[in-house]
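Okay, thanks for coming, everyone.

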Amino acid sequence: MKVYTTEEKELIMELGLKFAGNPNILLGVKAFGLKATVQVVDVQVFASPRITLKPLVPVFPCFANIHVSLMEKPHVDFGVKLIGADLMSIPGAYRVVQELIKDQVANMYLWPKRLEVQIMDPAKAMQKPVGILNVNVLKAMKLRKMDIIGQSDPYVKLKLSDDKLHSKKTTVKFKTLNPEWNEEFTFVVKEPETQVLKLNVYDWDQVGSHEKMGMNTIPLKDLTPEVPKVVTLDLLKTLSPNDPQNEKSRGQLVVELNYNPFDDMEMANHLEDANEVQKAPEGTPDGGGMLVIIVHEAQDLEGKYHTNPSARIHFRGEERKTQTLKKSRDPRWEEEFHFVLDEPPTQDRIHVEVVSTSKRIRHPKETLGYVDINLSDVIHNKRINERFHLIDSKNGRIQIEMQWRTAS
């Protein structure tokens, strides 16, 4: 690999790639009114691509576009078989087919021609924060009963549109249709004229997925800067204005919002405050706190019999688990779990296991890997967000964020 340094916001790499294998590739061929199935065998490809990542931007994945060009014609070698015969043994066929492939590929991607793939909008990626939105989720009223027996267990999920960070959540209020939270959240604003605050109310369920109770949005352009505003929202089934299900009453959600724009001199201080770990809610024991575990996602999971993963958290005799995602080697859960503790768990650790389940009789459950995480660093740093390699997994990884929230 060669890497070039330029004065532009880009990264240029030139690679020497060689591939050889015997894949099972079957092609349907039609020529002169005849149809046939041919097999491609003994494939070899030698190529020298130039890969340019640009422009480089300050947000993940750190580049907006990928440009790929070939610095020379690729070398392609393969065999083609039909009913046990080697078609490349026909005099002149091998050279004609190989040169045809080289010319076709070169016409598309030989330098200075290129393949361009956009990863994100460069204009949005380069946007700088212009303010801070403070949201206080106060309460909800007259929510619909979701459980057949007893009351619901509501919580609120908040997210700012065009924000790459995961959603923020209130605590769960058990067995009530009129919950009171009074919990504050902070968001970094980049486009106050177009961004909206999305609010979803869910009914927490220990088993299975959490059922959505209602939703609504608040456009930031409706807020007057530096003027707090209390908004009472009617919860809707969907955001479609013509959905007849929105005519049914689903209760109301009350939030207080305050948008504070800032200048360049204030930006660093505001961003530092916005990234601080939230305080624990009222009722947290003195001297203790709330351990928050956010299971973001996993990559390269692979089961022997099936891959329907869920993540299971074991801590102090309790087990919490995410929903099961079927047929996914790269599941994205984005689920949050809370543990209220009387004292900091500096000597404890959590055990996170990724499990695949199926309705198969012979192999209903399979472990895809696990990791044990000491909590001392979480208590010391208040927050960690890391990607861990799963033990007993060939390539599996899992991203877990942990926070230690206290009242002070």
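Let's start with two tyrosines: Tyr-155 and Tyr-202 are both buried. Keep in mind that what you're looking at is a predicted model.

How are the rings of Tyr-155 and Tyr-202 arranged? They form a stacked aromatic pair, 5.7 Å centre to centre, with 20° between the planes. Tyr-155 sits in strand β12 and Tyr-202 in strand β15, so the pair ties together parts that are 47 residues apart in sequence.

Now over to the phenylalanines. Phe-315 and Phe-339 have ring centres 5.2 Å apart and planes at 70°, so that one is edge-to-face. This pair, too, links distant parts of the chain, with Phe-315 in strand β20 and Phe-339 in strand β22, 24 residues apart. Buried or exposed, then, for Phe-315? At 2% relative accessibility, Phe-315 counts as buried, and at 3% Phe-339 does as well. Elsewhere, Lys-18 lies over the face of Phe-46, at 5.7 Å from the ring centre.

Last stop, the cores. The largest nonpolar core has 29 residues, and the ones touching the most other members are Leu-291, Ile-293, Ile-398 and Met-402. Elements giving two or more residues to this core include β19, β20, β22, α4 and β26.

How values were computed: Residues are numbered from 1 along each chain as its sequence is written. This is a predicted model: local features need pLDDT of at least 70, side-chain atom pairs count only at pLDDT 80 or more; totals for chains, interfaces and linings use all residues. Side-chain values use heavy atoms; hydrogens and water are left out. A nonpolar core is a set of buried Ala, Val, Leu, Ile, Met, Phe, Trp, Tyr and Cys residues joined through side-chain atoms within 4.5 Å. Buried means under 20% relative accessible area, exposed over 50%, partly exposed in between (1.4 Å probe, protein chains only). Helices (H or I, at least four residues) and strands (E, at least two) are DSSP runs, numbered from the N terminus. Rings of Phe, Tyr and Trp (its six-membered ring) pair if their centres lie within 6.5 Å; planes under 30 degrees apart count as stacked, over 60 as edge-to-face and the rest as tilted. A charge sits over a ring if NZ of Lys or CZ of Arg is within 6 Å of the ring centre and within 35 degrees of the ring normal.
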